[in-house]
Amino acid sequence: MIRLHPFTGLALAAAAALLTLGADRWWLSLTVTSMAVCLAALAGTAARLMLTAGAVLAPLWLSQLMVHALFDPAGSEVLFAGGPLRLTLEGLTTAGSLGLRTAAFVSVFLLYSLSVDRVELVRAIDAARVPAQLGYIVAATLALVPATAERARAIAQAQAVRGAGEGSGPAGWLRRKRLLAVPLVLSSIQDATERSVQLQLRGFAGGSGRTQLHPVPARTWEKPFGLLVLCLAAAAAVFLASQGGR
């Protein structure tokens with residue numbers, strides 16, 4: 001795959017998210033999600049993308065289903081009613097549309113976070129003369145999900161090797177989750193503490209007088225290409241939104 005400048009990849013991800021959120025078309029959201037999975041498969045990160053996206057989307061989909069579909073008091077096409085539950089076709093359509101748009105948004109930015117070189121991203125933001133704190137926040141946000149997932153996998157493997165958390169049923173499941181959650185939270189706090197020391201040692205933020213030993217290369221066409229993609233995505237989203245319908 002072509003190695004793009006971090007800002008070019010970010011522009012492509014933002015354009016795809018802007019288009020799907022603004023246009024509100026189920027087929028467009030499904031297409032963008034499918035393309036993200038295909039690109040992840042080419043990069044060898046399809047499994048990580050789908051697992052992480054599933055962990056993020058499952059509670060979101062459940063909440064959208066409960067809010068818009070299972071307790072909808074306004075819909076006229078009632079599919080099921082019993083007690084406090086009232087499942088309507090309008091509510092199910094709204095929940096499905098929101099779920100697809102959320103899936104597209106999450107997929108494109110997860111694909112970007114899994115494929116971008118975070119060190120290059122921080123250096124690129126630093127070279128763009130924006131506050132260094134912004135670069136750290138962006139990089140830390142992008143690194144949070146994959147880093148936490150990798151740390152959780154390592155802890156689970158370590159617990160399995162030492163034979164901890166054995167047992168079946170709900171009690172065994174709760175025991176395994178507790179043995180995973182406690183070291184995961186403690187290691188995250190320790191990582192944040194060590195990172196603050198490392199940032200102070202490297203002079204974060206050092207100001208405009210600090211130079212980079214290895215600046216991130218960018219092709220001459222990448223900046224206008226990224227701006228063009230964002231403008232086209234905004235124009236397409238406005239056009240599709242003005243047409244109405246889904």
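Residue T33 touches L100, A103, A104 and S107, not counting residues up to four places away in sequence, where contact denotes heavy atoms within 4.5 Å. The model is predicted; local features need pLDDT of at least 70 and side-chain atom pairs count only at pLDDT 80 or more, whereas totals for chains, interfaces and linings use all residues. Residues are numbered from 1 along each chain as its sequence is written, and side-chain values use heavy atoms, with hydrogens and water left out. T33 is located in helix α2; helices (H or I, at least four residues) and strands (E, at least two) are DSSP runs numbered from the N terminus. With a relative accessible area of 16%, T33 is buried. The terms for accessibility are buried for under 20% relative accessible area, exposed for over 50% and partly exposed in between (1.4 Å probe, protein chains only). The side chain of T33 also reaches the backbone oxygen of S29 at 2.8 Å. A polar contact is defined as a pair of N or O atoms within 3.5 Å; within protein, one must be able to donate a hydrogen and the other to accept it, and residues adjacent in sequence count only if both atoms are side-chain atoms.

A polar atom of the Q159 side chain lies 2.9 Å from the backbone oxygen of L179. Not counting residues up to four places away in sequence, Q159 touches A164, L179 and P183.

The protein chain contains 8 helices and 2 strands, arranged along the sequence in the pattern α-α-α-β-β-α-α-α-α-α. The C-alpha trace spans about 65 × 55 × 30 Å along its principal axes. Of the 246 residues, 30% count as buried. Among contacts with a separation of 6 or more, 70% are accounted for by residues 24 or more positions apart.

The largest nonpolar core has 13 residues, and those with the most contacts inside it are L19, L28, V32 and V108. Such a core is a set of buried Ala, Val, Leu, Ile, Met, Phe, Trp, Tyr and Cys residues joined through side-chain atoms within 4.5 Å. At least two residues of this core are supplied by each of α1, α2, α4 (89-115) and α8, and α1 gives the most, with 5 residues. L19 touches L28, A233, A236 and A237, not counting residues up to four places away in sequence. A second, separate core of 11 residues includes A40, A53, L111 and L114. In soluble globular proteins, nonpolar side chains tend to be buried together.

Helix α8 (residues 222-243) has 22 residues and reaches 32 Å from its first C-alpha to its last, close to the 32 Å expected at 1.5 Å a residue; the expected span is 1.5 Å times one less than the number of residues. Buried positions in α8 are E222, G226, V229, A233, A237 and L240. These cover an arc of only 75° around the axis, which puts them on the same side of α8, the arc being that of the directions from the helix axis to the C-beta atoms. The elements covering the buried residues of α8 include α1 (6-23) and α2 (26-43). The face turned away from the buried side of α8 carries the exposed residues K223, C231, L232, V238, F239 and S242.

In helix α5 (residues 118-127), E120, L121, A124 and I125 are buried. The buried residues of α5 fall within an arc of 135° seen down the axis, so they line one face of the helix. They pack against α1, α4 and α6, while the face of α5 turned away from its buried side carries the exposed residues V119 and A127. Just after α5, R129 takes a positive phi of about 60°.

The structure holds 2 aromatic pairs. Rings of Phe, Tyr and Trp (its six-membered ring) pair if their centres lie within 6.5 Å; planes under 30 degrees apart count as stacked, over 60 as edge-to-face and the rest as tilted. The ring centres of F105 and F109 are 5.0 Å apart and the planes stand at 55°, so this pair is tilted. F105 and F109 are 4 residues apart in helix α4 and thus separated by about one helical turn. F105 is partly exposed at 36% relative accessible area, and F109 is partly exposed at 24%. W221 and F225 form an edge-to-face pair, 5.7 Å centre to centre with 75° between the planes. W221 is partly exposed at 40% relative accessibility, as is F225 at 33%.
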